[in-house]
Amino acid sequence: MNLLFPPADVLATTRTGAQCLLDALVECGVDTIFGYPGGAVLPLYDALYADRRLRHVLVRHEQAAVHAAQGYARTTGRLGVVLVTSGPGMANTTSGLLDALSDSIPVLCISGQVATHLIGTSAFQECDALGIARTVTKWRAQVRSADDVAATIHAAVRAATTGRPGPVLVDVPKDVQAQAAQAATAPAPVGTSAVSALPDAARLAEAAALIRHARRPVFYGGGGLVNAGPAACAAFADLVRWKNGPCTLTLMGLGAFPASAPQWLGMLGMHGTLEANLAMHHADLVVCVGARFDDRVTGHLGHFCPDAKIIHVDIDPASIGRVVRADVGLAGDCCAVLAALSDVLGPAPDARLLDDWWATIAGWRSVRCLAFEPAADTIVPQQLMHALDAQLAGRDAVVATDVGQHQMWAAQYLRFDAPGRWLTSGGAGTMGYGLPAAIGAQVARPEATVVCVSGDASILMNIQELATAVQHRCPVKLIVSNNGCMGMVRQWQELHYDGRYSHTWAEALPDFVALARAFGWQAARVTRGDALDAALAAALAAPGPYLLDVAVEQTENCFPMIPAGRGHHEILLGKDRWHGG
């Protein structure tokens with residue numbers, strides 16, 4: 001039998017590998033795929049043609065497919081799925097897969113491959129997909145028989161969604177896609193992951209005692225809380241309120257605790273608030289939930305939390321103690337561990353026990369580290385983010401960002417009261433993430449206001465996705481903070497390289513308004529602070545996709561900042577303006 005083109009009578013009575021693959025996706029609860037077709041994946045696209053169970057979103061670049069799947073996954077809490085062809089199609093996914101691995105986002109990438117008899121011959125558009133994916137996925141497999149397709153997809157979904165979530169790859173040769181499945185292999189059931197064992201009672205009791213007796217506690221949450229879901233975030237918030245202690249979050253954790261709550265200190269880390277960083281430095285107890293003590297958070301490890309006991313809750317036992325020694329490590333799902341901890345904490349302590357700690361924090365807050373001077377005839381980037389936050393109030397919006405100064409200003413000034421509303425690239429810092437992630441979020445929540453905050457350098461990385469938004473009727477609002485340079489790189493060159501601005505200035509920026517209109521978007525440009533509110537309101541009110549090009553001050557730097565090699569107590573509030581504490 002010709003496996004690439006089975007006889008019609010066989011096709012009428014059996015399922016091909018491609019059809020088995022789509023069946024398996026549906027069985028796993030998938031309803032949306034982000035992808036781009038090509039020769040080695042045409043049997044799968046042919047099967048999609050007649051399959052009304054799955055929505056396919058055609059992107060314009062395979063990297064964007066992964067970022068869109070990430071945006072979909074982070075907005076819904078479900079698996080994001082990507083479908084690409086072999087060779088350059090698969091290779092183009094690596095930045096997105098790295099990003100998903102760094103930020104623990106569940107993504108299934110399905111790549112086409114040349115026919116099995118051609119593998120290893122350097123055939124047209126052949127690549128070693130498993131080799132390429134080895135360092136950017138948590139699991140990968142190549143299917144060699146249509147009979148194995150369903151079981152492999154089910155195994156991939158389990159790998160992507162259990163334990164610490166992450167990206168996986170299934171590579172499917174073209175002949176396997178077209179091959180008739182001869183056996184009905186019963187796939188292993190897919191559903192919730194096996195419940196991880198809770199920490200033993202002694203460890204929970206030890207953690208509870210530390211929390212009860214702490215006088216200078218800080219509750220520190222990360223992206224793992226968001227990944228664990230709304231119930232985990234609610235349990236974390238209950239713990240913070242039980243102790244009435246201060247709370248801070250990482251860049252990836254924003255939204256896991258309400259920014260409107262009185263206990264909120266703002267984001268911590270390199271561009272975190274003064275009060276969050278100094279509270280960490282002077283704490284006697286740090287309760288870390290779903291974060292990994294990233295170097296952008298800790299600063300110089302020798303100065304990190306010098307007087308604090310550390311409680312670390314993480315789903316991955318290998319993460320506990322890997323960077324910072326934990327006095328009490330609690331391995332397991334955040335939600336389950338927090339629930340078990342709540343059971344042994346007992347009645348809430350006297351809130352007055354933390355009066356002195358809150359008085360100290362009030363002194364740090366009084367510095368108003370995020371204060372800025374608005375302008376009428378120009379726009380400072382902080383003014384843009386502050387105005388955007390005001391315009392988004394009450395909308396329950398989803399905001400995606402790219403990477404750079406605009407990302408840090410957005411994290412500082414935009415406030416989120418629920419998880420799944422803030423999408424950004426943390427661990428990998430991938431320029432080009434924002435627009436496709438926003439499109440993925442809009443696909444997931446078509447009724448929501450979805451905003452992408454980008455910079456003039458970042459947006460050019462995946463500008464072609466403007467076409468995707470138009471084709472799939474995604475009314476994304478794109479706010480470009482346009483300073484005409486690679487702002488964060490320029491800032492580091494100013495502060496650390498004596499102002500030697502090596503290749504950070506853009507001399508041929510496009511007319512973003514004309515470019516957006518060429519793609520079918522509405523667009524406008526604003527250059528004055530006194531016109532900013534009206535311009536933002538018009539953008540958000542537009543019925544379709546809208547780009548607002550905002551000309552911001554070119555040489556503005558993002559503060560506060562903990563320079564490289566410094567601790568949380570050594571904070572730049574402005575150029576040559578230090579705050580030690």
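User: Which residues are exposed on the other side of α16?

Analyst: This is a predicted model, in which local features need pLDDT of at least 70 and side-chain atom pairs count only at pLDDT 80 or more, while totals for chains, interfaces and linings use all residues. Residues are numbered from 1 along each chain as its sequence is written, and side-chain values use heavy atoms, without hydrogens and water. Exposed means over 50% relative accessible area, buried under 20%, and partly exposed in between (1.4 Å probe, protein chains only). On the other side of α16, D356 and A359 are exposed. Helices are DSSP runs (H or I, at least four residues), as are strands (E, at least two), numbered from the N terminus.

User: Which residues of α16 are buried, and what covers them?

Analyst: An α-helix has 3.6 residues a turn, so residues three or four places apart point the same way. In α16, residues 355–365, the buried ones are W357, W358, I361 and W364. They span an arc of only 110° around the axis, which puts them on the same side of α16; the arc is that of the directions from the helix axis to the C-beta atoms. Their cover includes β7 (217–221), β9 (264–267) and α13 (274–282), where contact means heavy atoms within 4.5 Å.

User: How many aromatic pairs does the structure hold, and how is their geometry read?

Analyst: Rings of Phe, Tyr and Trp (its six-membered ring) pair if their centres lie within 6.5 Å; planes under 30 degrees apart count as stacked, over 60 as edge-to-face and the rest as tilted. The structure holds 8 aromatic pairs. One of them, F416 with W422, is tilted, at 5.4 Å centre to centre and 50° between the planes. Both F416 and W422 are buried. Y501 and W505 form an edge-to-face pair, with 5.6 Å centre to centre and 80° between the planes.

User: Which residues do ring pairs link into a cluster?

Analyst: Ring pairs join Y220, F293 and F304 into a cluster.
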